Each structure stands twice: as C-alpha cells, then as structure tokens.
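I opened my notebook to go through one protein chain bit by bit. Here is the thing I was looking at.

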Amino acid sequence: MSSSQPDSVFRTNMANLEAMARTVANTLEGVVEAAGDCLATCIASGGKILACGNGGSAADAQHFVAELVGRLKIERRALPGISLSSDPSIVTCLANDYGYDQLFSRQVEAFGRPNDVLLAISTSGKSPNILNAARVARELGLKVVSLTGSGGEALAAISDHCVRIPTHDTQCIQELHMAVLHVLCASIDKRVVG
C-alpha cells in the first residue's frame, strides 16, 4: 500500500489525532487553563509538583518534570518537580515491601506538603496506585491535577482539576496528554517568568 493512499495507516492515525485535537481544543480549554493556574500557583507560592503515572504515563510524568527542572521554551530558573516513577530503588522497594498499589501513595506521604500539587496521569483513570496516591494527596492537603481519558470518573472524582480526553483510544489519549502537558508547562512559565 502506498503512503499516498488516503486509507494508509499514517493518514488514518493523523486524521484521527487531528479530529480529537480539534475536539479537545474546542471543549477543554477552560479545564486545561484552570489546571495550569493550579500548577502555576503551586510553583509561585514555593510548592513543588509530584508527578506519577504507569507505563507511557510514567514517561509523560518524567517528561513533564524534565521540562520543569530544565525548560520548555524560555530560559528561566529550574522549577521544583519530582517524578515518582524515576527512582528504581524506591519503585522496587515499595512494590516489593508494600505492593504495587502503594507505589505512589507512599512517596506522596514522604515528599508531599500542603502547598504542593500531585499531577496524576492515567489513561484509564482506574489504576489503583494512581487512585491511592490521589487519595493520600487529598488527605495531606495537596491539590490534585489529573489527566485521563473518557473512563476516568474515579480519578476525576478525587481531583481538583481533571483533564479528560474524550476517547477510550489509549494511543490518542497519550498523544493528547503530551500536548496538554506542554500547555501546562507554558502556563507555569508564563506565570513564573511573566
């Protein structure tokens, strides 16, 4: 099959992503802006962002924290963020000693303070370790910003701000989560740097 044919895998995937990106742009702007304001307020007031996710969402959490500590587009001071899936010694210790369901909640308990925000990323919104982390964050007085997909009711219910990509297609959710994460970084930069 030639890549110039309209039904190629490439064109189909790009068309689906374009359509969903348009839907997100038309329906979730206010939610994303509110989440960005929450994260920017946290940083501006001396707090830090704890980010977590599983699999591809763990990579997204790491990427987001790298943008904070490094930079997105503009030169600025390093900003405080911790990816809760990045330290293999902590991850394997907690998974072994407490079970995978407590992997992130133990770290929220250790590192989280009331001025901080938990950024919880889960395409399904049903991952027990993400839900436990969000519950502990709320108990400790942290705000919770979450990114999920259509089925993320459980995570949305315990989040202060939840960006729900309106599809069950995991690939598409992940692709748009990354776009949203870059918008959130830009919102933080705008508030912190001006």
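Below are my entries, from the whole chain down to single residues.

**Entry 1: the whole chain**

I noted before anything else that this is a predicted model. Then I looked up the secondary structure, and the chain comes to eight helices and five strands. Reading along the sequence, I wrote the order down as α-α-β-α-β-α-α-β-α-β-α-β-α.

How much of the chain is buried? I found that buried residues make up 44% of the 194 residues. The chain exposes about 9,300 Å², and carbon and sulfur atoms supply 54% of that area.

**Entry 2: rings**

I searched the whole structure for aromatic pairs and got zero. A ring does turn up in another search, though. What lies over the face of tyrosine 98? It's arginine 106, at 4.1 Å from the ring centre.

**Entry 3: lysine 48 and arginine 113**

I found lysine 48 in the loop between α2 (29-44) and β1 (49-52). A polar atom of its side chain lies 2.9 Å from the backbone oxygen of phenylalanine 111. Leaving out residues up to four places away in sequence, I listed what lysine 48 touches: Cys42, Ile43, Pro80, Ile82, Phe111, Arg113, Asp116 and Val117.

Arginine 113 is on that list, and I looked it up next. This arginine 113 sits in the loop between α5 (103-111) and β3 (117-121). Is arginine 113 buried, exposed or partly exposed? Its relative accessible area is 44%, so I put it down as partly exposed. Its own contacts, again without residues up to four places away, are Lys48 and Leu142. I also took the C-alpha distance from arginine 113 to cysteine 162, and got 20 Å in space for 49 residues in sequence.

**Entry 4: alanine 51**

Alanine 51 is in strand β1. I looked up its relative accessibility, which is 0%, so alanine 51 counts as buried. What is alanine 51 in contact with, leaving aside neighbours within four places in sequence? I wrote down Ala61, Val65, Ile82, Ser83, Leu84 and Leu119. Ile82 is a name I had already noted among the residues touched by lysine 48. Then I checked alanine 51 against cysteine 185: they are 134 residues apart along the chain, and their C-alpha atoms are separated by 13 Å.

**Entry 5: threonine 123**

I located threonine 123 in the loop between β3 and α6 (128-139). Buried or exposed, I asked myself about threonine 123? With a relative accessible area of 18%, it is buried, because the cut-off for that is under 20%. Not counting residues up to four places away in sequence, threonine 123 touches Ser57, Thr148, Gly149, Thr170, Ile173, Gln174 and His177.

Proline 128 lies in helix α6. Its relative accessible area is 42%, so I marked proline 128 as partly exposed.

Asparagine 16 was my last stop, in helix α1 (residues 9-27). Asparagine 16 is partly exposed too, with a relative accessible area of 44%. How far is asparagine 16 from cysteine 42, C-alpha to C-alpha? I got 35 Å, for two residues that are 26 residues apart along the chain.

Note on methods:
Residues are numbered from 1 along each chain as its sequence is written. This is a predicted model: local features need pLDDT of at least 70, side-chain atom pairs count only at pLDDT 80 or more; totals for chains, interfaces and linings use all residues. Side-chain values use heavy atoms; hydrogens and water are left out. Rings of Phe, Tyr and Trp (its six-membered ring) pair if their centres lie within 6.5 Å; planes under 30 degrees apart count as stacked, over 60 as edge-to-face and the rest as tilted. A charge sits over a ring if NZ of Lys or CZ of Arg is within 6 Å of the ring centre and within 35 degrees of the ring normal. Helices (H or I, at least four residues) and strands (E, at least two) are DSSP runs, numbered from the N terminus. Buried means under 20% relative accessible area, exposed over 50%, partly exposed in between (1.4 Å probe, protein chains only). Accessible areas come from the Shrake-Rupley method with a 1.4 Å probe; for residues, only the protein chains shown count as cover. A polar contact is a pair of N or O atoms within 3.5 Å; within protein, one must be able to donate a hydrogen and the other to accept it, and residues adjacent in sequence count only if both atoms are side-chain atoms. Contact means heavy atoms within 4.5 Å.
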